[in-house]
Amino acid sequence: MCFSRRLAWGTQENALARAEAERRASGLPFFDLTLSNPTLAELPYPVHAIAQAFANPAVATYQPSPRGLAQARAAVAADYARRGARVDADAIVLTASSSESYALLFKLLGDPGQAVLVPEPSYPLFDYLAALEGLVPRPYRLAFDGRWHVDFASLNFHNVAALVVVSPNNPTGSYISVEDCDHLAELAARHGVAIIADEVFADFPLAPSPDAVTAVSGRQLSALTFSLGGLSKASGLPQMKLGWIAATGPRSLVEPALASLELVADTYLSVGTPVQLALPRLLDLGADIRHAIQTRIVRNRAALASSIDASSPCTLLPAEAGWSAIVRVPEIMSDEEWALRLVRDDGVLVQPGYFFDLRLGATLVVSLLAPPAIFDHGIACVLAAASRA
Ligand SMILES: Cc1ncc(COP(=O)(O)O)c(C=O)c1O
């Protein structure tokens, strides 16, 4: 049986996944510092109010709507206004998740074989999302000199379908700066390439620089721009499967883009009616959930920062936002070997930096979402292992 070449990356389990499975099966204590699902992070969710948001007789009727129900899109536009960005409800298209938003936009923008410019280091899923649409991910580098910025020399616009900007980026926690954002937009406009601005972590600022672009959607860029957001991160509700795309930029480009995007969305009609009807209420409830997540990440980051003092062999990289922290460990072995050792010896699961194409020696990425007792123990094990090294 032949499967599509789009699936060429294979299905083998990596060594870390095998070591994790062995540790879990052993019944020994396990400390997951890779947790990215907020609903499993022991946070106080308003569970009854969430259930109540669906108690609406209208959920019994199917209301197909390619861009999404008008009242749901209006609620998303109001949510942009909360972040200081003016986005027209008619320029919003609802999707089942940010991952699906990428898939729809790649269908809209690319022909098979074209490249998608993706930042590196960043979230590894983009490579798969592009490949599944027959597109080729082409990295451009983000350079670190105490702060992350775009390495413009690494951008190659030959045969490009789209340029992905992730702000705040995962796992670097860096916002794009005003200067980098405007320069990227000029280049994209000049090459007739649209920008996909992934802002799923924009609601979790830690220490934004004064020149950080905290809402790409709020800047009138010279390039056609699609900003992505969703309930998954902004309201801590990934199980709802609801994301959105907001189109901004020159009007002459936005209108035809939305008409074609509507055709793509109409082909699938993948967003459920109940979640669209519940959306205004879920966005309201999101404020408290977001607050609980923010309190957790601020607490865990502060605990991490205070446990790494000047005498420690580890360093904590600065971050402006987001749910992840990057810890540099002694380069006596690779980051994969560090991660394997930690899960085998201590039952502590972290992600090696190479998963994200981080190239700063040996780095480990930890999630700031983990419950404090698990987080503190896991970090103590990482630091003890580094001190022994
Ligand atoms: C930067 C970034 N974009 C998008 C996603 C996917 O979001 P969603 O759950 O809405 O598909 C993630 C998930 O962690 C992410 O880190």
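In which helix is Leu 105 found? Leu 105 is found in helix H4, residues 98–109, where helices (H or I, at least four residues) and strands (E, at least two) are DSSP runs numbered from the N terminus. The model is predicted: local features need pLDDT of at least 70, side-chain atom pairs count only at pLDDT 80 or more, and totals for chains, interfaces and linings use all residues. Residues are numbered from 1 along each chain as its sequence is written, and side-chain values use heavy atoms, with hydrogens and water left out.

View 1. Leaving aside neighbours within four places in sequence, Leu 105 is in contact with Ile 196, Phe 226, Leu 228, Ile 245 and Leu 261; contact means heavy atoms within 4.5 Å. Ala 194 is 89 residues from Leu 105 along the chain, yet their C-alpha atoms are separated by 9.7 Å.

**View 2. The nonpolar cores and Leu 282.** The largest nonpolar core has 72 residues, and those with the most contacts inside it are Ile 92, Leu 231, Trp 244, Leu 282 and Val 350. Helix H9 gives the most to this core, with 12 residues. A nonpolar core is a set of buried Ala, Val, Leu, Ile, Met, Phe, Trp, Tyr and Cys residues joined through side-chain atoms within 4.5 Å. Beyond four places in sequence, the contacts of Leu 282 include Ile 50, Phe 54, Leu 231 and Met 240. Another core, of 30 residues, lies apart from the largest one; among its residues are Ala 115, Val 160, Ala 188 and Val 193.

**View 3. Packing of helix H3 against helix H9.** H3 (residues 70–82) and H9 (residues 273–307) pack at an angle of about 25 degrees, with their axes 7 Å apart. Axes are lines fitted to C-alpha atoms, for helices over the stretch in contact, and angles run from 0 to 180 degrees between N-to-C directions. The two helices are therefore roughly parallel to each other (angles under 35 degrees count as roughly parallel, over 145 as roughly antiparallel, 65 to 115 as roughly perpendicular and the rest as oblique). Residues of H3 including Ala 72, Val 76 and Arg 82 meet residues of H9 including Leu 277, Leu 283 and Arg 290.

**View 4. Packing of helix H9 against helix H11.** The axes of H9 and H11 (residues 372–388) come within 11 Å and cross at roughly 25 degrees. H9 is therefore roughly parallel to H11. Among the residues that make the contact are Arg 296, Ala 303 and Leu 304 of H9 and Phe 375, Ile 379 and Leu 383 of H11.

View 5. Most residues other than glycine have a negative phi, and most peptide bonds are trans.

Conventions
Buried means under 20% relative accessible area, exposed over 50%, partly exposed in between (1.4 Å probe, protein chains only).
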